[in-house]
Amino acid sequence: MRRRPTLSRLRVLEQTQWYSLDALLAMQLEALRGLLAHARRNVPYYRERLRDVDVDAIREPADLLRVPLLTRADAQGSSETRRSTAPPFVAIHKATSGTLGLPVSFGYEMDSETWRQAVRLRGYGWAGYRPGVRAFHFWGPGARQKGLRGAKVELDHLLRRERYFDCTVRSPDRLDAAIEHVKRFRPDVIVCFASAGGALARRVLETGARSWGTIPVICGAEALLPSDRAVMEDAFGPAVFETYGSREVMLMASECAEHDGLHVQMENVIVEVVVRDGDAVRHAAPGEVGEVAVTDLHNRAMPFIRYLNGDRAVAGDTTRCGCQRQLSRLKSIEGRVTAMLRDRAGAPVAGLFVHALLAHVGHAFRGFQAVQRADGAVTLRLVKSATFDETAHRYLLDGFERYLEGVPVTSEFLEDIPAGRNGKRQVILQDG
Ligand SMILES: [Zn+2]
């Protein structure tokens, strides 16, 4: 973390969160006009796409509808042409694995990293998390990185008194081990995958293990189901906070202590909920479900403008939140349910590890699907890309064998992944 710039930006964000909605919207739209002007001038992909957009005429949220959307397919196909040819340049490279198993490569500049960290600190701060508190991360693989960079990250975590515990395997033994950790470490806050927090809470209640007062729980990475929220409230106290983020832009929205929808991190992102009807696109009405379109206001190196990230959300209304912040709100996030696999003993193993593997080697495949049969055996259906190599294949098999201990894993190469009954190509499929 770039500590000093992050903390000074956090101090600014702690002021701006009390601004009026009008002031926040004005800030957002000014940043957007700057981004659009930059993109049209310096980003090959947008030179054409923004040609007919009158940037200076974008004065209110409804004007956003004049700016073209960026679909996932557009994002996948423009990983070269969406880079700025003038500074700032991409300093941090990442990739995401979509629900189709196809990665979106992206990058952003250092300044955007500072924004991301500061926004995360503010959003998590609403739940009581701040640098230096004891935080227990019940999180998926990839939270800790290996190698030299990992060593530095590790030290950072130690200084910040953060502990990581892999939540992928959810057998009773692993959950008990995590509970032991909570008892010994006495965290000030728990940060977890929503479904993992639910599984942990159920185990706490089952075994009567609770020996603590209220520990705030910050849930991310997947939708927080009401049933999971309820058990977490019983096991850790009533302070359960949902957050909404993605690899591409990090934290987009999070709950305050009112737990009445998720406040959008408006200074860094524009989050629209849109309804597409043929070629017509409109903003969803309050309470209506639509597709999330996110604009990263401070990534000029490789812009994401009105990016349809594949999530669906329920648009919030404009009533004032009890916390008095006027940052706009999403009512809820839909979907984002993690598919589960099973280990040899039948214990659930969260399929998110698959996405972590694909984030590393997804470039080698045009298509990917893991099918687990009733007898437990797993077949990886793979479609080779032009950059396929056997090392990537081996990496996938090793990863599956590590997380699904004792489960036979084989692979087969296909020309295409067959679509399911709903027309979608799921990454993880339970067959029988
Ligand atoms: Zn609030």
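Let's begin at one pair of residues: Gln 372 has Val 378 of strand 18 standing opposite. The two strands involved, strand 17 (residues 365-373) and strand 18 (residues 378-384), run antiparallel and are joined by 7 bridges. Strands here are DSSP runs of E with at least two residues, helices are runs of H or I with at least four residues, and both are numbered from the N terminus. Two strands count as paired if DSSP finds at least two bridges between them.

Before going further, please keep in mind that this is a predicted model, in which local features need pLDDT of at least 70 and side-chain atom pairs count only at pLDDT 80 or more, while totals for chains, interfaces and linings use all residues. Residues are numbered from 1 along each chain as its sequence is written. The score called pLDDT is the predictor's confidence in each residue, from 0 to 100. Averaged over the chain it is 89, and 91% of the residues score at least 70. A contact means that the C-beta atoms of two residues, placed from the backbone, lie within 7 Å.

Now back to strand 17. Together with strand 18 it forms a hairpin with 4 residues between the two, and in that turn Gly 376 has a positive phi of about 100°. Strand 17 also pairs with strand 20 (residues 428-431), in the parallel sense and over 4 bridges. In that pairing, Ala 370 stands opposite Ile 428 of strand 20.

How is the chain divided as a whole? It has domain 1 (3-114 + 245-334), domain 2 (128-238) and domain 3 (340-431); these bounds come from an automatic or database domain assignment. Taken over C-alpha atoms, the centres of domain 1 and domain 3 are 31 Å apart.

Helix 10 (residues 352-361) is mostly covered, with 7 of its 10 residues buried. Buried means that 20 or more other C-beta atoms lie within 10 Å of a residue's own; with 12 or fewer the residue is exposed, and in between it is partly exposed, with C-beta atoms placed from the backbone. Among the buried residues of helix 10 are Leu 352, Phe 353 and His 355.

An open sheet is formed by 12 strands in the order 4-3-5-6-7-8-9-14-13-12-10-11, with mixed pairing. Its edge strands, strand 4 (162-166) and strand 11 (280-283), each pair on one side only. From one strand to the next, the twist averages 40°.

We can follow some of these neighbours. Strand 6 and strand 7 pair in the parallel sense over 3 bridges, and Ile 218 has Phe 241 in strand 7 as its bridge partner. Further along, strand 9 (residues 262-264) pairs with strand 14 (residues 329-334) in the antiparallel sense over 2 bridges, where His 263 stands opposite Arg 329. Strand 13 (residues 307-315) also pairs with strand 14 in the antiparallel sense, over 4 bridges; Ala 315 has Leu 330 as its bridge partner there.

What does helix 9 lie across? The buried residues of helix 9 (residues 226-236) include Val 231, Met 232 and Phe 236. They pack against strand 5 (189-193), helix 8 (194-207), strand 6 (217-220) and strand 7 (240-246). Just after the helix, Gly 237 takes a positive phi of about 105°.

Val 217 ties this region together in the list of contacts: leaving aside neighbours within four places in sequence, its partners include Cys 192, Met 232, Phe 236 and Phe 241. Cys 192 and Val 217 have the most contacts inside the largest nonpolar core, which has 106 residues. A nonpolar core is a set of buried Ala, Val, Leu, Ile, Met, Phe, Trp, Tyr and Cys residues joined through C-beta atoms within 7 Å.

Finally, look at some backbone details. Ala 221, in the loop between strand 6 and helix 9, has a positive phi of about 75° although it is not a glycine. The peptide bond from Pro 87 to Pro 88 is cis, with omega near 0°.

How values were computed: Axes fitted to C-alpha atoms, helices over the stretch in contact; angles between N-to-C directions.
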